[in-house]
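Here is a short note for a colleague who is opening this model for the first time. Please keep the 3D view open while reading.

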Amino acid sequence: MHAQTPETITFDDAVTIALDQNTDLRRAINDVERQDATIRQRQFDFGPNLNLSTSTTRQFGRSFSQEEGAIVNQTTDIVQLGANSSITVFDGFSNIASLRQANRQGEASELDLERTRQDVVFTVMEQFIDLAQSKEEVGVREEEVEVQQQQLEQIQEFVDAGSRPTSDLFQAEADLAQAEQQLLQAEREVEVNNTRLIQTLQLDPFGTYNFEAPAVDEAAMAEREYVVEEALESAFDRRVDLRAQEASLRASEAGIRIAQSNYWPSLSLNVGYNTNWSSTAALPNDPDPSFFDVLDSRRGGSVGLSLSFPIFDRLQRRNQTAQARADLRQAEYNLQDQRQGVALEVRQAVLDYRNAVKQLEAAESRLRSAERLRDAAQERYNLGSASIVELSQATRDFTEAASAKVQAEFDVAYRQKLIEYQIGVLNPDAALFE
């Protein structure tokens with residue numbers, strides 16, 4: 001069996017796939033379509049209905065014959081045809097309020113769809129950043145293994161020459177084994193992040209994929225100034241989930257108007273037209289008329305108005321209105337809570353970004369110091385004035401400092417994207433690191 005060639009997927013490819021296949025997004029699209037159908041239904045509620053009906057009946061036994069004016073014993077076939085239509089003239093403005101409510105709910109579902117798109121894009125961004133970080137971590141651990149291998153070879157020469165004890169060789173071998181173990185853990189983390197992307201993108205689990213995660217450039221690391229007040233204003237203006245909640249609030253207001261419409265009378269216009277045929281029918285000048293002649297002779301119509309005024313409905317109207325008011329209050333509470341939640345998310349995102357920038361500065365300083373200490377420890381060990389324990393510790397400190405710098409770099413990049421996401425300006429077409 002030949003090995004399957006991995007399919008290369010870039011970040012842009014992943015965003016496109018996620019927006020096309022993500023099940024959460026599909027559910028949001030389905031909800032929009034369902035709300036569109038509700039809006040169309042509410043629009044058609046303003047128009048008339050039209051019903052066509054037909055029925056056939058066979059009567060047998062004794063019955064009164066209008067033609068003969070007497071009781072007869074016979075079998076009669078009857079065909080009835082009819083059409084009727086009705087239109088609501090007035091229903092206490094319920095149809096208007098229902099359409100307004102459906103429009104607001106449709107607006108909310110469309111805004112929820114837009115936020116879901118942002119959720120999907122941000123999830124892909126987050127997982128690509130995790131993947132890129134894990135790959136950089138693998139590079140750090142590979143470099144450590146290479147350094148430990150070189151140290152082991154050097155110490156082997158020292159031990160062979162008798163200038164270092166055999167215990168130094170054992171320590172070097174242990175340090176190399178530990179570095180190789182950490183490399184395996186880093187490689188495993190890459191595979192875990194690959195698996196998460198496969199799940200997010202709903203890809204074939206039996207397929208093999210190579211996700212190309214771009215490296216963080218200097219431009220992405222450039223410090224940006226975020227003002228909390230400006231970020232909050234942007235979030236309150238741009239966050240589509242907030243606007244969706246506001247639309248839901250307006251839909252709840254329309255729900256009160258729908259419930260109150262039951263206190264008003266309703267008026268409808270009804271129009272009907274029908275005819276029938278009987279097998280025993282006869283016309284004055286035609287004792288055996290045709291089917292259509294009978295239908296024509298018996299046709300007729302009606303026009304009527306129907307007025308209904310509610311008197312007592314076992315308090316249903318009052319209960320419905322009270323329920324609608326409770327729903328409105330709940331929507332107001334939800335909007336208030338969501339605004340507070342957005343404010344907290346934005347403030348936290350800005351503070352975390354500022355902290356990430358400081359952490360990166362500290363990590364860079366730590367790495368420079370760790371590199372100097374490692375070089376100094378290596379030189380002193382070569383001269384015989386430092387122990388293998390000191391050299392091993394300096395080497396591990398340098399590796400951990402390099403790993404911390406990688407984590408700090410990607411944390412800054414992630415915090416930038418998180419701020420864009422929290423204030424509602426995340427652009428799915430933008431590069432991952434810019």
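The points below cover confidence, a surface patch, a pocket and salt bridges.

1. Basis. This is a predicted model, where local features need pLDDT of at least 70, side-chain atom pairs count only at pLDDT 80 or more, and totals for chains, interfaces and linings use all residues. Residues are numbered from 1 along each chain as its sequence is written, and side-chain values use heavy atoms, with hydrogens and water left out.

2. Confidence. pLDDT is the predictor's confidence in each residue, from 0 to 100. The protein averages 91, and 97% of the residues score at least 70. Helix α7 (residues 240-260) has the highest mean, 96, and helix α5 (residues 218-221) the lowest, 69. Helices (H or I, at least four residues) and strands (E, at least two) are DSSP runs, numbered from the N terminus.

3. Surface patch. Phe46, Phe93, Ile96, Tyr263 and Trp264 make a nonpolar patch of about 470 Å². Patch residues have over 30% relative accessible area and no salt bridge; nonpolar side chains (Val, Leu, Ile, Met, Phe, Trp, Tyr) are joined within 5 Å, like charges within 9 Å. Areas come from the Shrake-Rupley method with a 1.4 Å probe; for residues, only the protein chains shown count as cover. Phe46 sits in the loop between α2 (23-44) and β2 (49-59). Its relative accessible area is 35%, so Phe46 is partly exposed (buried is under 20%, exposed over 50%, partly exposed in between).

4. Pocket. The second largest pocket has a volume of about 180 Å³. A pocket is an open set of points on a 1 Å grid over the protein atoms alone, where a 1.4 Å probe fits, with protein on both sides within 12 Å along at least five of seven lines; lining residues have an atom within 4 Å of a point. Of its 14 lining residues, Val140, Glu143, Leu367, Phe398 and Ala402 lie nearest the centre. Helix α10 gives the most to this lining, with 7 residues.

5. Salt bridges. The count is 24, taking a side-chain nitrogen of Lys or Arg within 4 Å of a carboxyl oxygen of Asp or Glu. Glu107 and Arg104 pair at 3.2 Å; both lie in helix α3, 3 residues apart.

6. Arg415. Which residue does Arg415 meet at 3.6 Å? The partner is Asp352. This pair links distant parts of the chain, helix α10 and helix α9, 63 residues apart. Arg415 also bridges to Asp411, at 3.2 Å. Asp411 and Arg415 are 4 residues apart in helix α10, so about one helical turn separates them.

Key. Buried means under 20% relative accessible area, exposed over 50%, partly exposed in between (1.4 Å probe, protein chains only). Grid points are joined across faces, edges and corners, and a volume is the space filled by probe spheres set on the points.
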